[in-house]
Amino acid sequence: MKLPGADTVVFSGLKAHEAFFRQPDEVLSQKEVYQFMVPIFGKGIAYDTTPELMKEQMAFLHPGLREARLRTYAELFVEEAEAFFDRWDNEGVVDLYDIGNELTIYTSSRALLGGDFRKHLSGEFARLYQELEGGLTLWSFLNPYLPIPAHRRRDKARVKMGEMIKRIVDERRREGRQESDILQTLLEAKYSDGRALSDDEIVGILLTVMFAGHHTSGVTFCWNTILMNQHPAYFARVMEEQKAVLGDRTTLKVEDLRAMTLLERSVKETLRMYPAIIMLMRRVLKDFSYEQYEVKAGQMALCSPAASHHIETIFKDPWKYDPDRYGPGREEDRQHPLAFIAFGGGKHRCLGAVFATLQLVATSSVLARHFELELLEPRYYPDYKRILVGPHQPCRARYRRKKRPLVQVPLTSPLDAAPIQAAG
Ligand code: HEM
């Protein structure tokens, strides 16, 4: 393909995915392509460092994303989602794109950066975060330092956000509290030469992980809500499953989320049909050959989850929403480790894949149990103008709150003795 800036070699199909994802960084490099993220993540972080150092920085995140931590996060996801939807009226119209992004910033930041950070997630922080994101324009691809207003706002916001996060880091250090979040993991981490992370590095890695998991999960939440509501027969089975797993319980643990297999398959199908990252790009640093093709240094290499997920020899009837394709006996995603690539593959595969899936199951379960939705747009389609592709806005739905569950009020007087229907 001819793309502005360089000839681009597209790798599509299972064998081609292997050729793309299994090349070392010295041959296919992310660093040159993702330079537009450097002003956001910060100097010396991720794509502004050597592949070896970036590998160490990414490895710092592993303890914060391992199984034991996910147990705590699952409960936080549900708590945040319950609080978020509790603030809704009994009926109204929302834009699902905005809802997905707003909800995800609460759930992710609570789990990744801790309760103290979440407390500071004030209007000011949300505004700064938006300005930081607004600095990701098509121009940033070409030159992330071009003196345009969006970049100037981005840089000012980055300085202020850095200061806000640093205050929280200082507070945590002073008080010596131990928490179960990524911030704690970073405070305890050391590079292989024994050096601890500087405050700037902690801020940069926190922003990296927040950015990696924000819009990606936000748009997936939005698409999954749309797709489930567009397919009432499958959605009815999801709701049956909710009842079977939870009964009348409203508190929910990681085991419950894991038992919601039909909901999880819908999330997976959403990611297959509408992966948030539609293209993964690399700069070719050294010549290499793939089958009869010669790939040359200086070219770009591209692998597109959106295109590859629609190859019908891999996924049967690929344009159809069919979450059962992941069920027993079919398992179309398992035929090859690089068939399903919404989370990338190989050494740079997404570190937050399990975290994101759990978060999406948790938030989608809370929404589906509390509200009925009616989709208001004549059609919902991808907005390819965005770097992270979500549904085109407006993307509205009308919601109506279902009856709140019966709540047992503590026995304080005979009048309170009977179970009552909570307000609304
Ligand atoms: C539905 C949500 C998500 C999707 C679709 C997604 C997708 C991806 C993809 C495709 C890549 C590979 C990029 C490439 O090869 O160029 C990636 C990398 C990454 N993701 Fe995610 N992601 C999601 C959520 C998350 C979350 C929640 C986190 C953090 C908790 C996260 C952290 C990361 C990190 C740190 C990397 C870089 C890994 C490396 O280069 O070693 N992601 N993600």
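How many residues lie between strand 1 and strand 2 in their hairpin, and which residue in the turn has a positive phi? The hairpin has 2 residues between its strands, and glycine 5 in the turn has a positive phi of about 100°.

This is a predicted model, in which local features need pLDDT of at least 70 and side-chain atom pairs count only at pLDDT 80 or more, while totals for chains, interfaces and linings use all residues. Residues are numbered from 1 along each chain as its sequence is written.

**Overall form**

The protein has 17 helices and 12 strands; helices (H or I, at least four residues) and strands (E, at least two) are DSSP runs, numbered from the N terminus. The radius of gyration is 23 Å, close to the 22 Å that the globule rule gives for 424 residues, so the protein is as compact as a globular protein of that length. This radius is taken over C-alpha atoms, and the globule rule is 2.2 Å times the number of residues to the power 0.38. Along its principal axes the C-alpha trace spans about 80 × 55 × 40 Å.

**Strand pairing**

Two strands pair if DSSP finds at least two bridges between them. Strands of a sheet pair through backbone hydrogen bonds, either parallel or antiparallel. The table lists pairs of strands with their bridges.

| Strand pair | Sense | Bridges |
|---|---|---|
| Strand 1 (residues 2-3) and strand 2 | antiparallel | 2 bridges |
| Strand 2 (residues 6-10) and strand 8 (residues 300-303) | parallel | 3 bridges |
| Strand 5 (residues 280-284) and strand 8 | antiparallel | 4 bridges |
| Strand 4 and strand 10 (residues 396-401) | antiparallel | 5 bridges |

An open sheet is formed by 3 strands in the order 4-10-9, with antiparallel pairing. Its edge strands, strand 4 (91-95) and strand 9 (371-375), each pair on one side only. From one strand to the next the twist averages 30°. Opposite glutamate 91 stands arginine 400 in strand 10.

**Helix packing**

Helix 5 (residues 96-113) packs against helix 11 at an angle of about 145°, with the axes 10 Å apart. Axes are lines fitted to C-alpha atoms, for helices over the stretch in contact, and angles run from 0 to 180 degrees between N-to-C directions. Ser108, Ser109, Leu112 and Leu113 in helix 5 meet Leu206, Val209, Met210 and Gly213 in helix 11; residues are in contact if their C-beta atoms, placed from the backbone, lie within 7 Å. By class, this contact has 5 nonpolar, 3 polar and no charged residues. Ala, Val, Leu, Ile, Met, Phe, Trp, Tyr, Cys and Pro count as nonpolar, Asp, Glu, Lys and Arg as charged, and the others, Gly among them, as polar.

**Around the ligand**

There are 23 residues around the ligand, of which Gly213, Thr216, Gly344, Cys350 and Gly352 come nearest; a residue is near a molecule if its C-beta atom, placed from the backbone, lies within 6 Å of it. Helix 11 (199-213), helix 12 (215-230) and helix 17 (353-370) each supply at least two residues of this shell. The shell divides into 15 nonpolar, 8 polar and no charged residues.

Methods:
Two residues are in contact if their C-beta atoms, placed from the backbone, lie within 7 Å.
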